[in-house]
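Subject: Structure handover

Hi,

Here is the structure I said I would pass on.

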Amino acid sequence: MGKKRAREADGAPPADNSVDKMNEDSSDEEDFDMVNVEFEWFNYDPEVDFHGVKTLLRQLFDVDATLFNMSALADLVLSQPTIGSTIKVDGKATDAYAMLTALNTFVHRETEPMKDVLKYLVEKAQTNPSLAAIPELVKAGKHIGLVFSERLINMPSELAPPLYSMLIDEVEAAVEDKEPYEFSHYLILSKTYQELASKIDVEGQKRKKAREEAEIYYFHAEDEVLQKHAVAYGAFNYTKEDEVVADSKRAFQEMGVKAQGHLILIEAGKFQGAIKAVNDYLSAPQ
């Protein structure tokens, strides 16, 4: 693991830096092949992380990524190298497989990427009564920690606890150093999805009923725990949403997939408790 901040005496990871990934064998006996992967945690480095971070941000914003200057947003993330982490498997010079960071919405409010993102999030929050607290906080000029957390689809959820735990430590150290990370709240941007019957197969009222009864699934398992500690949470539809997209993602299953944006607002005083709950829920057994 890359050394996170000078205050860490030996650069040791806060958790095991390897995760056993199990790939189910195709045989009826349900044997498992164990693959041991060494994950490494690094600070952000503008010299090597631009493309990897930009790719993960595009994935996080899904179809609405085209609404933003993703290059500028990636640069903003990389401008604060000691807050947040990347996870890699083949050394520092490779692209990140996962990332997490927190940007101060007030400090960066005049930058192009933050202006665009805040305008977008306020508009989306206004479409869901459950998210009504978010526009009020943004307009009041609160110092909100906007959390971008994303990882490649096949990355294990057990990587989330150390990412969040390190973020808490880094924010605390930054506040001690008089850096602008004393947040009132954390606002986590994430994604959920629903499995929907294709419009090719279901018409009229049947399609409407299928949507209403569709269960919500989480791309990030930790979100189910985090929202239990939230002031507000809820989903919103993407601006670029198109029903055709759901059918195009229906590759090897009968159900289509409809992705939605998801916001989780947590008071700063309750954030550490929320992350502890995530650790308890997701940490790999020792």
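The chain has nine helices and ten strands; both are DSSP runs numbered from the N terminus, helices being H or I of at least four residues and strands E of at least two. This is a predicted model, so to speak of local features I needed pLDDT of at least 70, and side-chain atom pairs count only at pLDDT 80 or more, while totals for chains, interfaces and linings use all residues. Residues are numbered from 1 along each chain as its sequence is written, and side-chain values use heavy atoms, with hydrogens and water left out.

Some overall numbers to start with. Of the 286 residues, 46% count as buried (under 20% relative accessible area, with exposed over 50% and partly exposed in between; 1.4 Å probe, protein chains only). Looking at contacts (heavy atoms within 4.5 Å) between residues at least 6 apart in sequence, 75% join residues at least 24 apart.

Now the rings. I paired rings of Phe, Tyr and Trp (its six-membered ring) if their centres lie within 6.5 Å, calling planes under 30 degrees apart stacked, over 60 edge-to-face and the rest tilted. By this rule there are twelve aromatic pairs. One of them is Phe-68 with Tyr-120, edge-to-face at 5.0 Å centre to centre and 85° between the planes. That pair links distant parts of the chain: Phe-68 sits in the loop between helix H1 (50-61) and helix H2 (70-78), and Tyr-120 in helix H3 (residues 112-125), 52 residues apart. Phe-68 and Tyr-120 are each buried.

Tyr-186 and Phe-271 make a stacked pair, 3.8 Å centre to centre with 10° between the planes. Here too the partners come from distant parts of the chain, Tyr-186 from strand E7 (residues 185-197) and Phe-271 from helix H9 (residues 268-282), 85 residues apart. Both Tyr-186 and Phe-271 are buried.

There is also an aromatic cluster made of Phe-61, Phe-68, Tyr-120, Phe-148, Phe-236 and Tyr-238.

Lys-88 lies over the face of Phe-42, 5.6 Å from the ring centre, and Lys-191 over that of Phe-219, at 4.6 Å.

On to helix packing. H2 and H3 pack at an angle of about 110°, with their axes 8 Å apart; axes are lines fitted to C-alpha atoms, for helices over the stretch in contact, and angles run from 0 to 180 degrees between N-to-C directions. H2 and H3 are therefore roughly perpendicular (65 to 115 degrees; under 35 is roughly parallel, over 145 roughly antiparallel and the rest oblique). On the H2 side, Ala-72, Leu-73 and Leu-76 meet Glu-112, Pro-113, Met-114 and Val-117 of H3. By class, that contact has six nonpolar, no polar and one charged residues (Ala, Val, Leu, Ile, Met, Phe, Trp, Tyr, Cys and Pro count as nonpolar, Asp, Glu, Lys and Arg as charged, and the others, Gly among them, as polar).

Last, Pro-161, which lies in helix H5 (residues 160-176). At 1% relative accessibility, Pro-161 counts as buried. Leaving out residues up to four places away in sequence, Pro-161 touches Val-278, Asn-279, Leu-282 and Ser-283.

Cheers

Key. A charge sits over a ring if NZ of Lys or CZ of Arg is within 6 Å of the ring centre and within 35 degrees of the ring normal.
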